[in-house]
Amino acid sequence: MRTVTVGTRGSTLALSQTRWAVERLKEQWPETDFRIQTIVTGGDKNRASLQSMAKAGDKGFWIKEIQEALLSKSIDIAVHSLRDLPTEQTEGLEIGAIPKRVDARDVLVGAEGFKALADLPEGARIGTSSVRRRAFLKAFRRDLQIIPVRGNIETRMGAVATDDYDAVILAGAGLIRTDQRHRADEFVSSDILLPAPGQGALALEVRADDDLISEVVYAINDAVTDDRVTAEREFLAGLGAGCLAPVGAFATVKGELLTLEGWVGAVDGSKVIKATTTGERGECADLGAELAEDMLAQGARALIELVREE
């Protein structure tokens with residue numbers, strides 16, 4: 001087979017997870033030559049403007065340039081963190097595979113003496129720029145001070161060495177995929193911080209008309225992960241919410257049954273709406289959509305709109 005070019009962002013995390021995906025592809029297609037190509041995205045160029053870009057409706061700041069390269073045939077496969085992909089599929093492209101998910105929970109990295117949420121004193125300062133984490137942390141403990149922190153994994157973890165933060169919260173998947181799981185002081189229970197929809201999963205995106213490449217990537221698709229994140233993303237889509245919304249969703253599978261839990265919170269922690277549904281795995285998309293309808297009936301729209309108005 002011809003050389004297959006795999007596109008990704010150039011961050012440490014993006015390259016680590018792309019190399020992992022390429023290794024899995026090589027196991028299935030040992031005669032194929034896979035080449036990684038890094039691409040600079042709008043989010044990489046304008047980190048300071050990410051929030052304003054999202055509020056303006058630009059949902060593709062981490063992926064747009066990679067998708068353009070895929071459509072122009074400069075690359076054959078794009079590897080994304082699934083939660084970076086908008087729920088609306090770009091015309092001409094499709095998700096060809098979702099490999100097995102890693103731990104979806106958020107982790108706490110603390111300053112000296114602070115190794116768990118329970119260790120944090122009253123008024124502790126936690127670094128995160130995620131409105132989901134802010135909403136759910138404030139709902140858990142109203143005394144916590146949530147302070148924005150941006151940058152790559154190393155920058156955010158390094159913040160705890162300053163006097164400005166007692167701890168930072170980030171996705172555990174990033175540490176796992178960069179071989180830094182040992183740096184997590186606590187994997188925070190999903191009873192406190194429900195993960196973002198699709199957190200911990202990767203998406204291999206391909207051109208919809210490229211049957212050969214679709215076959216190549218589908219070899220590493222994990223059916224259980226696929227069903228789980230489909231339910232989570234349909235829930236997010238049904239809410240009409242995006243990356244700025246304080247929305248959590250997490251699906252589990254036992255046998256042929258899928259259970260989906262969804263949360264929508266007020267950004268100040270004053271209210272969190274929670275709901276759960278269970279049904280057949282094969283109905284995963286419908287389960288997500290139905291749970292979204294349930295949450296909207298409970299007033300979730302107002303909480304989502306509050307964030308957009310800030």
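This is a short tour of one protein model, stop by stop, for you to follow in your viewer.

**Before you start**

The model is predicted, so local features need pLDDT of at least 70 and side-chain atom pairs count only at pLDDT 80 or more, while totals for chains, interfaces and linings use all residues. Residues are numbered from 1 along each chain as its sequence is written, and side-chain values use heavy atoms, with hydrogens and water left out.

**Stop 1: two rings**

Select F136 and W263. Their ring centres are 5.0 Å apart and their planes stand at 75 degrees, so this pair is edge-to-face. Rings of Phe, Tyr and Trp (its six-membered ring) pair if their centres lie within 6.5 Å; planes under 30 degrees apart are stacked, over 60 edge-to-face, and the rest tilted. A search of the whole structure finds one aromatic pair. F136 belongs to helix 5 (residues 131-140) and W263 to strand 12 (residues 257-265), so to speak distant parts of the chain, 127 residues apart. Helices (H or I, at least four residues) and strands (E, at least two) are DSSP runs, numbered from the N terminus.

Buried means under 20% relative accessible area, exposed over 50%, and partly exposed in between (1.4 Å probe, protein chains only).

**Stop 2: charges over rings**

The charged end of K274 sits over the ring of W263, 4.0 Å from its centre. Now select W20 and R177: R177 lies over the face of W20, 5.2 Å from the ring centre. A charge sits over a ring if NZ of Lys or CZ of Arg is within 6 Å of the ring centre and within 35 degrees of the ring normal.

**Stop 3: helix 10**

Select residues 284-297. Helix 10 has 14 residues and reaches 20 Å from its first C-alpha to its last, close to the 20 Å expected at 1.5 Å a residue. The expected span is 1.5 Å times one less than the number of residues. Colour C284, L287, G288, L291, A292 and M295, which are buried. On the face turned away from the buried side are the exposed residues E293 and A297. After the helix comes G299, with a positive phi near 100 degrees.

**Stop 4**

Select residues 223-239. The end C-alpha atoms of helix 9 are 25 Å apart, which agrees with the 24 Å its 17 residues should span at 1.5 Å a residue. Its buried residues include T225, V229, R233 and F235. G240 follows helix 9 and has a positive phi near 70 degrees.

Which helix gives the largest share of the lining of the second largest pocket? It is helix 9, with six residues. The pocket has 18 lining residues, of which P86, T87, Q89, I95 and R233 lie nearest its centre. On a 1 Å grid over the protein atoms alone, a pocket is an open set of points where a 1.4 Å probe fits, with protein on both sides within 12 Å along at least five of seven lines; lining residues have an atom within 4 Å of a point.

**Stop 5: a loop**

Finish at K73, in the loop between helix 4 (64-71) and strand 3 (77-81). K73 has a positive phi of about 70 degrees although it is not a glycine. At 58% relative accessibility, K73 is exposed.
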